[in-house]
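Please keep the sequence and the structure in view while going through the numbered points.

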Amino acid sequence: MRLLLETYEHPEHPYLFPSRHLNHRWKHANPEAASHLFQEACEKVGITGASTHSLRRSALTQMSNAGIPLRIIQEISGHRNLEQLQKYLEVRPDQVRGAVSALSTLSYVRKLPYPDLAPPTPENPLPPHQLSQDQADSSAQEIPDW
């Protein structure tokens, strides 16, 4: 693409995107004109709610979803700080659900270290194997001294 753009020569104008109104002070399409052209194109094909700004937001969000570090995205986007950038990044509900479900794999709530042991109670706060010799069950085997 870069090679094509570098070698492209418009047959009538020195600009890749010449202005629609050649007698205007801008001889090339300015950002406002580009936005207007984009809006017209979207209307023609039935796309509503799109803007050049939404394209920017989408591109930044896609970079974030691809795992590109936020500091690099900040450099590309020109945001002054990460807080500004993070306002641009969209978070989908499925991403939130995925993050929350990942917590269940990290949590030890209600998980017993050994399924056959009873959970601790106020009367017996530790499993038998963790009690001192005096409190341990008399049927507990002694650990051999190697």
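Predicted model: local features only at pLDDT ≥ 70, side-chain atom pairs only at ≥ 80, totals over all residues.

1. Helices (H or I, at least four residues) and strands (E, at least two) are DSSP runs, numbered from the N terminus. Ser64 belongs to one such run, helix H3 (residues 52-65).

2. Residues are numbered from 1 along each chain as its sequence is written, and side-chain values use heavy atoms, with hydrogens and water left out.

3. Confidence is given as pLDDT, the predictor's confidence in each residue, from 0 to 100. For the protein chain the mean pLDDT is 77, and 68% of the residues reach 70 or more. Confidence is highest in helix H4 (residues 70-77), at a mean of 93, and lowest in helix H6 (residues 93-106), at 82.

4. The protein chain contains six helices and zero strands; read from the N terminus, the order of elements is α-α-α-α-α-α. Helix H2 (residues 31-45) has 15 residues and spans 21 Å from its first C-alpha to its last, close to the expected 21 Å. The expected span is 1.5 Å times one less than the number of residues. Just after H2, Gly46 adopts a positive phi of about 85 degrees.

5. How much of the protein chain is buried? A residue is called buried under 20% relative accessible area, exposed over 50%, and partly exposed in between (1.4 Å probe, protein chains only). Of the 146 residues, 12% count as buried. Asn30 is placed in the loop between helix H1 (2-7) and H2, and its C-alpha is 9.1 Å from that of Pro18, 12 residues away along the chain.

6. Phe17 is also in the loop between H1 and H2, but this residue counts as exposed, because its relative accessibility is 58%.

7. Contact means heavy atoms within 4.5 Å; neighbours within four places in sequence aside, Ser64 is in contact with Leu70, Ile73 and Leu89. The C-alpha atoms of Ser64 and Leu89 are 7.6 Å apart, although 25 residues separate the two along the chain. For the protein chain, 21% of the contacts between residues at least 6 apart in sequence join residues at least 24 apart.

8. The structure holds four salt bridges, a salt bridge being a side-chain nitrogen of Lys or Arg within 4 Å of a carboxyl oxygen of Asp or Glu. One of them joins the side chains of Arg2 and Glu6 (4.0 Å, N to O). Why are Arg2 and Glu6 separated by about one helical turn? They are four residues apart in helix H1. Both Arg2 and Glu6 are exposed.

9. Another salt bridge links Arg57 with Glu90, with 3.6 Å between the closest N and O atoms. Arg57 lies in helix H3 and Glu90 in the loop between helix H5 (82-88) and H6, so this pair ties together parts 33 residues apart in sequence. Arg57 is partly exposed at 25% relative accessible area, and Glu90 is partly exposed at 39%.

10. A further salt bridge is formed by the side chains of Asp94 and Arg92 (3.0 Å, N to O). Asp94 is partly exposed, with a relative accessible area of 38%; Arg92 is partly exposed as well, at 41%.
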